[in-house]
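Colleague: I would like to know what stands behind the labels on this model. Please take me through them one at a time.

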Amino acid sequence: MSRPIQIKKHPFPSLLYLEWTLLAIAALTAVIPPPLRPFGHKPPELSICSVFPDLSVCSILPQLSIYSLIIFALMGLRLPRSNQITKVIYTAIEIFLILTTGLFGERFARLFPVLYIILVTRSCLIFQLPGRLFITTLSFTLFLVTTQLKYQLFNFQASPQAQAQVQERSRFFSLNWSLTFGLSLVFVLLMMNAVLSERHSREKLAIANEKLRQYAMRIENQATLEERNRIAREIHDSLGHSLTALNLQLETALKLWQSNPIRAETFLATAKELGSKALKDVRQSVSTMRSNPLQEQSLELAIASLSENFHRFNGILPIYQINLEYSLPPEINTAIYRITQESLTNISKYAYATEIKLELTTIRGNLRLIIQDNGRGFDLRQNTTGFGLHSMRDRTLAIGGEFNINSAPGSGCKITVDIPLTRLT
């Protein structure tokens with residue numbers, strides 16, 4: 001049960017299976033005796049023990065080679081990933097096992113090329129590019145050294161006549177075999193770099209997709225929150241304005257009901273109209289929140305209608321001056337209309353003003369809205385967090401403008417909105 005878990009920790013489990021398959025094939029090839037060459041000559045299996053058979057350790061070295069091969073195969077189950085010192089020690093142990101298998105085992109000396117190829121493959125999974133190049137170069141160097149050592153052992157064993165016969169042939173064979181093996185190492189290195197680069201690209205793409213998904217969710221949540229706030233502002237600006245005026249009409253009607261019933265009926269009729277308008281505003285806020293509150297009319301006419309309604313409901317006619325050099329974008333018109341509407345609502349509810357001035361002009365590429373009253377005012381340090389003021393500020397900032405308010409107890413209130421039109425052209 002433990003082996004599958006360890007294999008899953010390998011970055012490429014299929015590559016681990018391929019390593020074991022290569023080792024099994026190479027080991028099987030090493031165990032099976034090679035066919036006889038022409039003239040009945042069978043090449044000797046060269047190792048240190050074949051040259052020095054009287055060494056006391058030669059009796060256990062073949063078993064040591066087998067154990068080294070098994071340990072080398074099992075080391076592929078767990079590759080070091082973090083500590084650089086651990087990676088170096090791991091690779092040094094691998095090289096030691098390869099040399100033990102090749103130098104002390106007669107038949108397993110044929111496994112040298114396969115073991116070095118596996119070493120380069122594992123180094124690509126462990127080290128960065130400089131480390132991979134170093135291990136590849138080291139593997140090729142060790143291969144050349146061990147190959148040269150084999151021929152020296154053969155010359156040590158063979159007679160002078162046999163040495164002369166195979167000298168030229170061995171040089172040609174050694175050169176071609178070394179070039180082939182070197183190209184094989186380079187091919188393995190390039191292939192592993194391509195595989196790792198492709199996998200790294202997929203991982204980066206997966207991370208980017210996950211970040212994009214999370215970002216899209218945050219954008220969706222933010223858009224939902226902004227839409228809710230916008231709906232709240234729309235309901236507050238339209239319905240709040242109508243209900244405030246409705247409440248004033250009802251209060252006036254109650255006061256006049258005993259002394260002047262006819263005039264009270266007039267206020268009640270106006271209150272009914274305001275109730276109908278409030279119901280209409282609620283339906284529009286729920287079903288058509290994205291519609292233009294100006295309803296195809298110009299900003300000048302819309303502000304004039306707000307002033308007339310304010311005069312009818314409060315008995316005070318705002319003095320307004322509008323001087324626009326050119327038409328404004330729809331989002332600017334909507335924002336100015338809502339800010340004006342909210343300002344008049346606040347004045348009606350809290351200011352108790354007797355004079356209101358409204359000025360809307362374009363000055364050197366900027367749009368300026370000034371709404372001023374002579375009401376009782378308020379303390380800016382205590383009364384600037386209300387929903388109405390917050391809504392006006394948000395609307396101004398949403399179109400890149402600046403919102404300023406100047407007020408003091410007993411000194412009225414002045415709201416100034418500056419919107420740079422050059423950013424919107």
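Colleague: Why is N333 called buried?

Modeller: Buried means under 20% relative accessible area, exposed over 50%, and partly exposed in between, with a 1.4 Å probe and protein chains only. N333 has 15% relative accessibility, so it counts as buried. The residue sits in helix α11. Its contacts, leaving aside neighbours within four places in sequence, are L294, L299 and L328; contact means heavy atoms within 4.5 Å.

Colleague: What should I know about the model itself?

Modeller: This is a predicted model in which local features need pLDDT of at least 70 and side-chain atom pairs count only at pLDDT 80 or more, while totals for chains, interfaces and linings use all residues. Residues are numbered from 1 along each chain as its sequence is written, and side-chain values use heavy atoms, with hydrogens and water left out.

Colleague: Which strands does helix α11 lie across?

Modeller: Helix α11 (residues 330-351) lies across β2 (356-363), β3 and β5, and runs at about 10° to β3. Axes are lines fitted to C-alpha atoms, for helices over the stretch in contact, and angles run from 0 to 180 degrees between N-to-C directions. Helices (H or I, at least four residues) and strands (E, at least two) are DSSP runs, numbered from the N terminus.

Colleague: Why does one side of β1 and of β4 have no neighbour in the sheet?

Modeller: The open sheet has 5 strands in the order β1-β2-β3-β5-β4, with mixed pairing. β1 (319-323) and β4 (402-407) stand at the edges with a single partner strand each, so one side of each has no neighbour in the sheet. Neighbouring strands here are turned by 10° against each other on average, direction ignored.

Colleague: What makes β3 and β5 a pair?

Modeller: Two strands pair if DSSP finds at least two bridges between them. β3 (residues 366-373) and β5 (residues 413-420) have 8 bridges, in the antiparallel sense, so they meet the cut-off of at least two.

Colleague: How many bridges join β4 and β5?

Modeller: There are 6, again in the antiparallel sense. As for cover, 7 of the 8 residues of β5 are buried.

Colleague: Why does Y67 count as exposed?

Modeller: Its relative accessibility is 53%, so Y67 counts as exposed. Y67 belongs to helix α4 (residues 61-74).
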